[in-house]
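Subject: Structure for your files

Hello,

Here is the structure I said I would pass on. My notes on it follow below.

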Amino acid sequence: MTARAIEVVDLTMTYGQLRAVDGVSLEVGEGEFVGILGPNGAGKTTTLETIEGLRRPDSGTVTVLGLPVWPRNSALLPRIGVQLQASSFFERLTAREQIHTFAALYGVGAAAADTWLERVGLEDKADTRVEDLSGGQAQRLSIASALVHDPDVVFLDEPTAALDPQARRNLWDLLSGLNDSGRTVVLTTHYMDEAEVLCDRVAIMDHGRILQFDSPAALIRGLDAPARITVAPGQLTHDEGRALNGVDDVVEGPEGVVLTTRQPAVVVSQLADADHLDGVRVQTGTLEDVFLDLTGREYRA
Amino acid sequence: MRTTGAFKALSLAIVKGFVRDKTSVFFAVVFPLMFLVLFGGLFADQSTSKVELVQVGDVALLDDLPKGADEAFTDTFDVEHSDDLDAAIEKVRKGDADVAVEMRGDTLVAHYTQTDQVKAAVTQGALRAFVDGTNVALLSQEAGSPPAYDLEAEKVEDDSLRTIQYYTPGLLGWAVAMSAAFGAAATIQGWRQSKLIRRLQLAPVSTRTVVAARISVTIGIALVQLAIFVGLAAAAFGLTLTGSWWMSVPLLVVGTLCFMAIGLLAGAITKTTEGAVNAANFMVLPMSFLSGSFFPLDASPAWLRAFSNLLPLKHLNDAMLDVMVRGEGPSAAVVPILILLGFAVVVTAVAARLFRWETT
């Protein structure tokens with residue numbers, strides 16, 4: 001195992017009667033891209049902010065890069081970068097002034113700051129005030145401000161929340177490259193697809209607990225959920241579907257015939273032999289299914 | 001090195017944020033200046049406008065006034081000579097002159113108009129005084145002894161504590177109090193809501209540096225307010241500063257600290273930026289009325305004056321008046337400075353106790 005960037009042991013946070021974080025333990029290796037996934041109110045942000053060192057845990061310990069995060073650890077601060085859930089900007093500054101200000105707080109020159117502005121694709125918006133940026137642009141600026149001092153560990157709290165699907169996908173391109181240079185990235189999200197696409201490992205969180213922590217593929221594999229194969233309308237009758245080896249169930253719908261199976265490879269090869277592959281779609285399990293399996297509840301972000 | 005850079009960057013960011021916020025600039029500078037122009041322009045020197053007098057023919061009484069009396073006379077009256085009584089009376093009737101005088105034998109006859117009753121009363125009183133004065137002088141000359149009693153009137157203030165002299169320090173105190181309190185209240189709420197305060201907590205910059213930058217900018221704004229106020233009042237309304245006016249600088253510095261503390265308190269007890277600014281307004285506006293920023297408290301009841309001593313702005317205003325226009329020495333500001341510092345410390349401590357990091 002590579003060196004540990006983050007080590008969380010038995011972390012607990014209580015607000016009044018509510019156990020926001022309930023015995024969370026977590027290890028993140030250097031250079032890993034880790035997601036904390038869960039619905040609103042699962043305790044993701046509280047967990048993340050405690051790891052960042054913003055909150056004093058009721059019990060448990062957190063170390064980042066081998067250093068304790070609480071109380072405020074000034075040796076650690078230059079090595080971590082944070083993006084908080086709100087757009088934490090100085091009012092009425094332009095994008096460039098904003099990132100220059102943050103750069104100065106970390107003793108970084110203006111040139112490096114401008115490079116980051118380019119890297120997140122905001123050079124056109126450099127002279128736009130932060131209040132006039134779109135949601136996606138503001139998130140990009142916020143991420144650039146978190147990275148301006150080239151930190152070893154980056155924390156991003158719901159970087160794609162409240163963005164339209166197009167803006168989210170644009171941001172994924174930026175995010176997926178963040179750990180290329182060996183940087184450790186931790187983000188929270190309530191989007192299943194996002195965690196699946198970006199993260200090396202995903203911690204699924206609900207009611208303040210981490211239910212499972214593994215790679216998306218392993219989580220889905222462990223699910224043992226059936227695959228659904230959709231065949232375009234007119235290719236296959238209900239009875240022909242029933243007759244295929246390995247098919248557990250057949251449902252006819254407006255999109256065509258949906259075959260449920262635990263042996264998708266066997267079924268697909270039979271469809272190929274019968275020349276029924278036009279418009280075939282195979283859906284294996286998703287993190288949604290994992291969540292459903294773990295909690296017994298439908299996932300609602 | 002990094003601290004200096006961070007301090008500069010933060011100060012610059014705050015200054016830009018302030019200058020670009022038209023509402024803040026309006027309430028810090030333009031709004032108080034409007035009051036200054038209003039008070040300075042409208043109420044200025046009501047008593048000094050002279051009575052316009054038309055003298056018809058020879059009026060021995062006025063022509064041969066004793067020395068001293070003739071100076072007082074020209075201070076009160078603007079004299080114009082004429083030989084046509086009817087024309088002079090017509091002038092008075094139309095309001096082009098206030099009074100026309102002629103001699104009928106030994107009687108001084110004054111034709112005046114009642115349109116402006118105050119001026120009519122002043123005219124009558126003044127003329128009566130000059131006639132009496134001349135009579136007394138003549139009688140005592142005949143009797144060979146000076147009159148038994150004499151009156152000499154002297155103003156207590158340094159010649160002229162005119163309207164502008166009174167209002168400039170008070171309105172300036174109010175303006176500084178307002179912008180310091182609003183600035184602190186809006187900053188603490190705005191930064192809390194945008195989580196900028198949290199973001200700065202995770203940057204390698206000490207709380208001391210952040211606070212110092214915010215305070216320095218507010219003090220800078222206060223000194224700019226001082227320059228604009230004194231500059232405009234001196235240039236347009238004839239404000240004259242007295243010797244230790246420079247003590248107004250340390251006074252404004254501690255006044256800024258004190259009212260920033262009040263703004264912090266407003267920010268600590270509220271949950272939104274609007275709420276914080278309203279709470280600051282709720283504390284500062286009534287206080288400015290009760291502290292003599294808009295009108296002198298001399299005529300108010302004793303209990304009110306006693307109560308006003310509990311208000312920091314009263315001490316700021318009083319001390320500003322003392323050093324800026326009353327000609328008091330620097331020491332006049334020492335006790336008020338200590339009082340303001342005391343308020344700042346106590347109110348900050350209370351605000352710190354009430355402050356919550358999270359808005360929910």
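**Domains and overall layout**

The centres of domain 1 and domain 2 of chain A, taken over C-alpha atoms, are separated by 42 Å. Please keep in mind throughout that this is a predicted model. In chain A, domain 1 covers 4–220 and domain 2 covers 226–284.

For chain B, the domain assignment gives a domain 1 made up of 2–44 + 162–354, and a domain 2 of 48–143. Here the centres, again taken over C-alpha atoms, lie 51 Å apart.

Some totals for chain A: the chain has 10 helices and 14 strands. Along the principal axes, its C-alpha atoms fill a box of roughly 70 × 45 × 35 Å. Of the 301 residues in chain A, 50% are buried. Taking the contacts in chain A between residues at least 6 apart in sequence, 66% join residues at least 24 apart.

**A sheet in chain A and the helix across it**

Chain A has an open sheet of four strands, in the order β2-β1-β4-β5, with antiparallel pairing. Its edge strands are β2 (18–29) and β5 (67–68) of chain A, each of which pairs on one side only. In general, the strands of a sheet pair through backbone hydrogen bonds, and the pairing can be parallel or antiparallel.

At the β5 end, β4 (residues 59–64) of chain A and β5(A) run antiparallel and are joined by two bridges. One residue pair to look up there is Thr63(A), whose bridge partner in β5(A) is Pro68(A).

Helix α1 (residues 44–52) of chain A lies across β1 (4–15), β2 and β4 of chain A. The helix runs at about 125° to β1(A).

**His190 in chain A**

His190(A) sits in the loop between β8 (184–189) and α6 (192–198) of chain A. Is this residue, His190(A), buried or exposed? His190(A) counts as buried, because its relative accessibility is 11% and the cut-off for buried is under 20%.

The contact with Asn40(A) is 3.2 Å, and the one with Glu158(A) is 3.4 Å.

**Cysteines**

How many disulfides are there over all chains? The count is zero. For reference, a disulfide is a covalent bond between the sulfur atoms of two cysteines. Two cysteines were looked at for burial. Cys199(A) is buried, at a relative accessible area of 7%. Cys258(B) is also buried, with a relative accessibility of 0%.

**Ile228 in chain B**

Ile228(B) belongs to helix α9 (residues 207–237) of chain B. Its relative accessibility is 31%, so Ile228(B) counts as partly exposed. Leaving aside residues up to four places away in sequence, Ile228(B) touches Val29(B) and Leu33(B). How far apart in space are Ile228(B) and Gly190(B), C-alpha to C-alpha? The distance is 28 Å, for a separation of 38 residues in sequence.

That is what I have on both chains.

Regards

Technical notes: Residues numbered from 1 in each chain as written. Chains lettered and ligands numbered in written order. Predicted model: local features only at pLDDT ≥ 70, side-chain atom pairs only at ≥ 80, totals over all residues. Heavy atoms only, no water. Disulfide = S-S within 2.5 Å. Buried < 20%, exposed > 50% of the residue type's maximum accessible area, 1.4 Å probe, protein only. Polar contact = N/O pair within 3.5 Å; in protein donor to acceptor, adjacent residues only side chain to side chain. Pairing = 2+ DSSP bridges. Contact = heavy atoms within 4.5 Å. Axes fitted to C-alpha atoms, helices over the stretch in contact; angles between N-to-C directions. Domains from an automatic or database assignment.
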